Amino acid sequence: MVRKLSFINYKGGVGKTSLVVNLAASLAEAGKRVLLVDLDAQSNSSIWLMRLERWNPLNTSDVGHLYSIFEPGVCRLRDCVERDVVRGKEGEALLPGLDVLPTTFTLVDLEHDFEPQDGRPAFAIFQEQLAEIEEDYDFILFDCPPNVLYAAQCGIFCSSEIYVPANPDALSLIGFTLLVGKLQQFNYLCASFRVAGMQPRAEVHGVIFNAIKSNMDIEVPKMRMQFRINQFKNQGKVGKDARIFESKIRDAIVVRRAVTLGLPVNLVKSLGNENSVRDDYRSVAEEILSVQSSN
Ligand SMILES: Nc1ncnc2c1ncn2[C@@H]1O[C@H](COP(=O)(O)OP(=O)(O)O)[C@@H](O)[C@H]1O
Ligand SMILES: [Mg+2]
């Protein structure tokens, strides 16, 4: 059965997009069918994987992107998917199995222009349309903005698992704390829109530390995060198995360079010790896969 995972923290710049793009690529490399849904109006994961040549025309189009599915009769989600999104110079698929549901800058208008259709909020419309294609995938990963507004709600409503990318600092911990509160409010608000056959509602299952410098001692921030997770577990506010991932992603220049190249890190030509950050993303993918086998 398809697993739907949201990646979110109430803090920007912690590495949500980098983690989702590279994790999606690692899962596709392992033979999984993956759909990455870009829910952030900044469109970073769409631009990264489509590159500007393909994304720019989409950004000025009325159809083919996430915002367009909310305009009645304009287009449906299944028609917006960019299949095998990572392409070479001749248009050849470099990473078959990795699809993207792209977004554009217009998505920001959803937050103030959206009018419920027949009393149905954006997340219910999104869920209904995603259901038409979700069985085509093993994994659907949602790259969320740092808030729980309409766009992020679409991912959270459909997900069962939430993962929180974090840096080992106080602001990430504050972002995590805020997020858990907002998730509780949203889960309460959306409960009456849940339909038969939906998987269990979204809960935080893990925190993943990102951009760790080689000389950085993360024991204290890790301990503080663990303490907060334990508190939330006792209060029933996060999943019973919520934990800090064993795998962490190191800080590596290649992550930034990969964006410019329009490739996930595992397809960037290797230079010296850059392999190691690829292994980090692969380890996160393995930990995610092992959650499935232990469920
Ligand atoms: N592991 C890493 N090593 C080095 N730079 C990173 C790493 N992860 C993210 N970055 C950089 O940090 C910035 C923010 O990352 P991004 O993934 O866009 O975060 P978010 O989606 O949370 O805003 C980007 O410039 C990105 O290239
Ligand atoms: Mg982002």
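Modeller: Gladly, and keep in mind that this is a predicted model. Let's begin with helix axes: these are lines fitted to C-alpha atoms over the stretch in contact, and angles run from 0 to 180 degrees between N-to-C directions. With that in hand, helix H4 (residues 122-131) and helix H5 (residues 150-158) have axes that come within 8 Å and cross at roughly 50°.

Colleague: What makes H4 oblique to H5?

Modeller: Angles under 35 degrees count as roughly parallel, and 65 to 115 as roughly perpendicular. The crossing of H4 and H5 is roughly 50°, so H4 is oblique to H5. As for handedness, H4 passes H5 in a right-handed crossing.

Colleague: Which residues of H4 and H5 make the contact?

Modeller: H4 brings Ala122, Phe123, Phe126, Gln127 and Leu130, while H5 brings Tyr150, Gln153, Cys154, Phe157 and Cys158. Sorted by class, the contact of H4 with H5 has eight nonpolar residues, two polar and no charged.

Colleague: Why is H6 called roughly parallel to H7?

Modeller: Helix H6 (residues 170-190) and helix H7 (residues 219-234) pack at an angle of about 10°, their axes being 10 Å apart. The cut-off for roughly parallel is under 35 degrees, so H6 counts as roughly parallel to H7. This crossing, of H6 past H7, is right-handed. Leu173, Phe176, Thr177 and Val180 of H6 meet Arg224, Met225, Arg228 and Phe232 of H7. The classes in the contact of H6 with H7 are five nonpolar, one polar and two charged.

Colleague: How do you know whether Pro145 is buried or exposed?

Modeller: By counting: a residue is buried if 20 or more other C-beta atoms lie within 10 Å of its own. Pro145 has 23 other C-beta atoms within 10 Å, so Pro145 is buried. Pro145 sits in the loop between strand S4 (139-143) and H5. Setting aside neighbours within four places in sequence, Pro145 is in contact with Leu39, Asp40, Ala41, Ala151 and Ala152.

Colleague: And the core: which residues have the most contacts inside the largest nonpolar core?

Modeller: That core has 84 residues, and those with the most contacts inside it are Phe7, Leu23, Ala24, Val34, Leu36, Leu141 and Val164. Its largest share, eight residues, comes from helix H1 (residues 16-29). Take Leu141: apart from neighbours within four places in sequence, Leu141 is in contact with Leu5, Phe7, Val20, Leu23, Ala24, Val34 and Leu36. In soluble globular proteins, nonpolar side chains tend to be buried together.

Note on methods. Residues numbered from 1 in each chain as written. Chains lettered and ligands numbered in written order. Predicted model: local features only at pLDDT ≥ 70, side-chain atom pairs only at ≥ 80, totals over all residues. Core = buried A, V, L, I, M, F, W, Y, C linked by C-beta atoms within 7 Å. Buried ≥ 20, exposed ≤ 12 C-beta atoms within 10 Å, placed from the backbone. Helix = DSSP H or I, 4+ residues; strand = E, 2+ residues; numbered from the N terminus. Contact = placed C-beta atoms within 7 Å. Parallel < 35°, antiparallel > 145°, perpendicular 65-115°, else oblique. Left-handed = near helix turned anticlockwise from the far one by under 90°. Nonpolar A, V, L, I, M, F, W, Y, C, P; charged D, E, K, R; others polar.
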